[in-house]
Structure formats: C-alpha cells, structure tokens
Amino acid sequence: MVTPQLLNDVINVLLLLAPPAAFVSLVLAGISLRREGGGISFVIGGGFTKWMFWAVVFVTLQPLLMWFSSFGVPVSLPGGGINSHWLASLQTDVSNFVTNFVVGRLATTLAAYFVLRAILDAAAGGHPLPSVLTAMFLLGIQTTYKLFATYNTGTQNATADVLDSLWTYLAGTIMPIAAGLAIMGAIFNVATQRPALRLAGVALALLSVSALWKLVLAMVA
Amino acid sequence: MTFYHGILNLTGWAGNVILPTLAGLFLAIAVVQFSRGTAYSHTMYGGFMCLMVSGLLRAFETFSSQRTWNDPDLFWVASISFVNWICNVLLPLYAALQVAAGGLQMAGVTNRFQPISWMRHFASAGLCLLLSGLLRLGEFFVTQGTGGVT
C-alpha cells in the first residue's frame, strides 16, 4: 500500500523539526544548569542531563530509527521535500522562529540576565562563577549543536556515540581548563583563610579524569 | 562563540588579570593585619600565590602527566608527586625561612613584633627537614606492631 502523501509530509515535517527541537532542548538545558546544580555541577538524572540527552536524541533521530529495522519493523523514511505548501510553510516558520528568535535573540538575552545574576549572586554572598558559566553555555548553543553534529556517526548507535564523544570532550578539553579555575579557587581560599586542600585535590582529579575512569574500570574488572 | 573559548578566556582573564590585581589587595590587607597584630600569614601567602598562579597550574599539570592519560594509577602518582613537592621542595625552603626567623628572634630584631620563642622557629625548621625521617619512623613502628603484642 502506498503511503498517503499527507502522511509522508507530516513525517518529513517532524524529521525536519528535530534540529529546532534540539536547539530548544539546549536552551532549556542551559537554564536547568543554573537552576539545579548551581552552575558548576549538574545532577545526574536532573533537568540539565535530561535536556542534553533529548538534544542528542533529536540530533541523532534518523540514525536512531534504524533500530526499528533491526527489530523487524521496516521504517522507510520518505525522501524529497514537503509537497504540501501549508506544511512546508509551517516547518519553515517554526525553524525560523527557533533559529532567529529563540537561539539568536532569546538565548543571548537570557545569557545577559545570567551575567547580571552573577553580580547579584556576589552581592548576596554567593559565587558569581555558576551564573557566568551558564551564560557562556547559552551563548555557545549554536557551536554546541555543531559539535553534536560532528560527533554524529550516522549509525544506529549514534546517540551513544555522541554521548561518548561529549564525555571525552568534557574530560579532555573542558576539565583541564576547569583545573585552572580550581587552583585559583584554592589560592583565593588560602588568602581568605578557608579550606584550600580540597580544591587542590579537585584540580589534580580534573587533570586526570580519564585515568580515574580507567581506575574504576580496573576496579570492577 | 563557543563554551570552550568562553571558559578558556575566563580562566586566562582570572589568572593573568584579576589575580595579579588582587595580589596587591591581599598584600595591603596583610600589612594592615600585621600592624594590628592579627594573623597575616594567610593573606600574605595568598597574595604571593596570586602572582604565581600560572606557575602553580604548570606544576599541577606536571604532577598529573607523570603517567599516560589512560593509566589507572595516574591520580595516585599525581597525588604522590604533589606530596613529594610539598615535603621535599617547599618544606626545606620553609625550614630555611624558619632558621632565618629564629636567628632574627634570637638577635632580638623581631621579638618586639611577635612573642614567639626562637626555639619554636628552630624546632619547626628541624621538623621540616626531618619529615621524611619521622614518616619512616612511624612506618617502622607500625610495621613492628603488625605482629601484635606478645
């Protein structure tokens, strides 16, 4: 039986709306990062990890559908564009709204508010770093999306591949820089007579995250 | 705009611009604390460390690159390197400082500022230099004690 054209168009619209959905997920992840974990940490199973996971799922949606073929359920994705003018225009409008308004303007404004929040955090006796990091995350959403796309292997394991690559990126690229921040925190704590040894240990741990992972693997082997 | 460049530039700005500026503030606070007779050493050392943040980061990077990145013992080796650096590099320097402070105290130069006996300075210097030996002594006692009381 031939699939009705309208159904094919709906499938195409949904698939083409996956990237905008990933962008929205990344914005929500950025907001959750400050809300739940304080900004320099995140809760496993919390809002940040949930939205990051969904962003990865949306980026790797088509490869993920290959699993249905391996289950014996044939999934033939419709090729070509959207024939229905109304649906094509809906897809274009939603994509433009997310790209130009949500990511292009709203995320930038939110980042600016988080910079203000950093100052207010400091005024209230808190730490400005969490809000600053959240602002940077929101400003870097488009590049983060591109990073996800480069990690997409296009296989049915693409979702796990992207998550693996993100872990490696976090452990190998971001955490050594975070170690520098930890050392600065330790120095600041020394000067203000607060415990500093913990941050020195954290700096060493951040510089050897991959080795700690190998250590845990060796322990359970 | 990337998160990577953001956090990299934030670290560079904080380490190379803000901390050297704060060093001056910490040293000023240390002078005020000294003048009021309160504890000033933390602020003073903090001020100097603010000026040495790049070097300290390089030191920590050296500690954590003693083995390959995927060696399970890397964190342990890094911790041991850190402890060795503290005990074998910094403590002998601190011992020299304590000997100098003890000498000044004995000569009556600094005893009007702080009522610490010169003996404490010399004892501290000795302990700094004897730390490895004291640790070995502790290990010897523990090893001897593993047999239990007979």
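User: How do helix 8 of chain A and helix 1 of chain B cross, and at what angle?
Analyst: Their axes come within 10 Å and cross at roughly 15°. Axes here are lines fitted to C-alpha atoms, for helices over the stretch in contact, and angles run from 0 to 180 degrees between N-to-C directions. That makes helix 8 of chain A roughly parallel to helix 1 of chain B; angles under 35 degrees count as roughly parallel, over 145 as roughly antiparallel, 65 to 115 as roughly perpendicular and the rest as oblique. Helices are DSSP runs (H or I, at least four residues), as are strands (E, at least two), numbered from the N terminus.

User: Before I go on, what kind of model is this, and how is it numbered?
Analyst: It is a predicted model, where local features need pLDDT of at least 70, side-chain atom pairs count only at pLDDT 80 or more, and totals for chains, interfaces and linings use all residues. Residues are numbered from 1 along each chain as its sequence is written, while chains are lettered from A and ligands numbered from 1 in the order in which they are written.

User: Thanks! Which residues of helix 8 of chain A meet helix 1 of chain B?
Analyst: Among them are A:T173, A:I177, A:G180 and A:M184, and the residues on the chain B helix include B:Y4, B:T11, B:G15 and B:F26. Two residues are in contact if their C-beta atoms, placed from the backbone, lie within 7 Å.

User: How many residues of chain A touch chain B overall?
Analyst: 31 residues of chain A are in contact with 36 residues of chain B. On the chain A side, the elements giving two or more residues are helix 6 (129-139), helix 7, helix 8, helix 9 (197-207) and helix 10 (209-220). Helix 8 gives the most, with 11 residues.

User: New topic: how many helices and strands does chain A have?
Analyst: Chain A has 10 helices and 0 strands. Its C-alpha atoms fill a box of roughly 75 × 50 × 25 Å along the principal axes.

User: Which residues are buried in helix 3 of chain A?
Analyst: A:F48, A:W51, A:M52, A:A55, A:V56, A:F58 and A:V59 are buried there. Buried is for 20 or more other C-beta atoms within 10 Å of a residue's own, exposed for 12 or fewer, and partly exposed in between, with C-beta atoms placed from the backbone. Down the axis of helix 3 of chain A, the buried residues fall within an arc of 160°, so they line one face of the helix. That arc is taken from the directions from the helix axis to the C-beta atoms.

User: And what do those buried residues of helix 3 of chain A pack against?
Analyst: They pack against helix 2 (18-36), helix 4 (61-70), helix 7 (141-151) and helix 8 (158-191) of chain A.

User: What about A:L206, buried or exposed?
Analyst: A:L206 is buried, with 22 other C-beta atoms within 10 Å. Leaving aside neighbours within four places in sequence, A:L206 is in contact with A:M175, A:P176, A:A178, A:A179 and A:A182. A:L206 and A:A178 are 28 residues apart in sequence, yet 7.1 Å apart in space, C-alpha to C-alpha.

User: One last thing: what is the phi of A:Q193, and where does A:Q193 lie?
Analyst: A:Q193 has a positive phi of about 55° although it is not a glycine. Most residues other than glycine have a negative phi. A:Q193 lies in the loop between helix 8 and helix 9 of chain A, and A:Q193 is exposed, with 12 other C-beta atoms within 10 Å.
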